Amino acid sequence: MPIIPLDDQNPLVLGLPVDDNATRFSNYFHVLREVIHWSNGWLPLEPTFHAKYVLGEHIHDDARGQVKVRRRIYELRANEDWPGAPSDELAAQLDRLATASTPAEHAQVVYGQLKPALVRALEVHAASIDPITDEVSLLVVNQLLDRQRRHIAEAAERWSISPEDAFTADLGALDIRKRETRDLKILPRLEEPRRDAGIEITPDGDPYLSEELYVNGDENHVPIDREEQQHFFHGLMDAELCAAELMARNSHEHPEMPWDFHADMARQTWDELRHARVHEVLMATELGCRWGDFPIGFSYFQSIYAYDLVGRLLLFNGTSEQKAMWRHSHRRQVLLDLGQANVAKVFDYLLADEVPHVHNGVRWGTHLLGGEPAAYREKMKELREGLDRTGQPVSPPTPAG
Ligand SMILES: [Fe+2]
Ligand SMILES: [Fe+2]
């Protein structure tokens with residue numbers, strides 16, 4: 001561990017007034033909020049799994065960055081003036097996000113325009129902070145800088161992004177509209193998610209996958225031989241992608257929800273994409289098959305997406321993921337007993353991640369039901385009456401519009 005130099009030879013530099021510092025962080029807040037919002041909207045429509053993964057990891061990274069930015073604004077100026085709303089000049093740049101019509105156009109605005117402008121502003125900020133009186137801000141700014149530079153480099157590999165100089169102003173120095181808020185637009189309702197080229201999508205998905213794989217209790221069947229594990233993990237990889245896409249759309253379609261909700265959704269979106277990656281690697285390295293070898297279907301996704309936010313949270317997180325915990329634990333034990341330690345380990349980690357996912361359903365479902373645990377239980381009882389034995393809604397609502 002290096003020793004922190006605490007000599008008193010370096011003079012204090014003037015640095016930034018606290019108000020200007022809070023304004024700079026407020027501008028970063030606005031950029032991150034809208035990048036996260038629109039990336040969540042586009043994530044299900046990005047067809048390539050690896051690009052979808054990068055988008056989801058960046059959403060999570062930006063959500064974590066935004067938590068630190070919000071915290072620093074609160075520490076510097078804990079009143080209702082900050083973060084306010086973006087100036088007209090910044091709002092005009094952020095409005096470009098709403099004009100994208102494909103995931104690639106979205107990526108061009110985010111990684112070709114907004115993130116490079118954010119990096120420039122952070123560089124100006126880092127150079128003007130007094131590292132002694134404002135060490136805390138320097139830490140946050142340097143972390144953001146590292147992350148944004150990495151995102152731009154990774155995006156350049158995934159999409160053919162050409163850096164633009166469309167927005168050269170120091171966005172950190174722009175005024176904010178104190179005490180105001182800015183509403184966000186929402187993409188049209190999702191028809192269905194996109195998958196990599198060549199993936200066969202059918203109404204019923206992979207016919208090999210029987211109901212017994214997805215029921216709890218004595219009737220549950222654990223896939224133990226190679227062929228059934230190939231189909232099972234292929235189907236599970238698609239289910240993870242659908243889970244990521246549901247969480248991303250929950251966040252995108254509900255900008256009115258508290259910021260902690262978006263942070264929770266961002267984490268779960270990334271978790272589900274990480275799970276998909278685990279299955280992709282497991283299939284290629286242990287099971288002798290690949291993503292795309294079998295058909296997939298969106299009937300479960302559609303049956304959950306048809307509900308409003310509270311219905312999705314209670315049925316997906318609070319029911320489907322809660323019931324999956326038992327099956328993951330059961331599958332793990334059966335496979336351990338058979339000596340399949342690596343496949344069993346996958347279920348051990350899925351099970352661990354499922355705990356906070358179920359909690360997301362309880363926490364935000366209860367929030368939407370007036371903070372009343374009794375109302376949550378009542379609504380859950382009503383919704384669960386409409387499920388088949390695998391947990392799929394028998395007759396989901398017809399979505400409006
Ligand atoms: Fe998962
Ligand atoms: Fe999950």
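Visitor: How are α7 and α8 oriented relative to each other, roughly parallel or roughly antiparallel?

Guide: Happy to walk through it; this is a predicted model. The axes of α7 and helix α8 (residues 259-287) come within 8 Å and cross at roughly 160 degrees. Angles over 145 degrees count as roughly antiparallel. The two helices, α7 and α8, are therefore roughly antiparallel.

Visitor: Which handedness does the crossing of α7 and α8 have?

Guide: The helix axes meet at roughly 160 degrees, coming within 8 Å. As for its hand, the crossing of α7 and α8 is left-handed.

Visitor: What is the distance between the end C-alpha atoms of helix α7?

Guide: Helix α7 covers residues 226-253, which is 28 residues. At 1.5 Å a residue, α7 should span 40 Å. The model agrees with that expectation, because the end C-alpha atoms of α7 are apart by 40 Å.

Visitor: How many residues of α7 are buried?

Guide: A residue counts as buried with 20 or more other C-beta atoms within 10 Å of its own. By that test α7 is mostly covered, and the number of buried residues among its 28 is 24. For the chain of 401 residues, the buried share is 42%.

Visitor: What is the radius of gyration of the chain, and what pattern does the chain follow?

Guide: The chain has twelve helices and two strands, in the order α-α-β-α-α-α-α-β-α-α-α-α-α-α. For 401 residues the globule rule gives 21 Å, and the chain comes close to that, so it is as compact as a globular protein of that length, with a radius of gyration of 23 Å.

Terms used. Residues are numbered from 1 along each chain as its sequence is written. Chains are lettered from A and ligands numbered from 1 in the order in which they are written. This is a predicted model: local features need pLDDT of at least 70, side-chain atom pairs count only at pLDDT 80 or more; totals for chains, interfaces and linings use all residues. Helices (H or I, at least four residues) and strands (E, at least two) are DSSP runs, numbered from the N terminus. The expected span of a helix is 1.5 Å times one less than its number of residues. A residue is buried if 20 or more other C-beta atoms lie within 10 Å of its own, exposed if 12 or fewer, and partly exposed in between; C-beta atoms are placed from the backbone. The radius of gyration is taken over C-alpha atoms; the globule rule is 2.2 Å times the number of residues to the power 0.38. Axes are lines fitted to C-alpha atoms, for helices over the stretch in contact, and angles run from 0 to 180 degrees between N-to-C directions. Angles under 35 degrees count as roughly parallel, over 145 as roughly antiparallel, 65 to 115 as roughly perpendicular and the rest as oblique. A crossing is left-handed if the near helix is turned anticlockwise from the far one by less than a right angle, and right-handed if clockwise.
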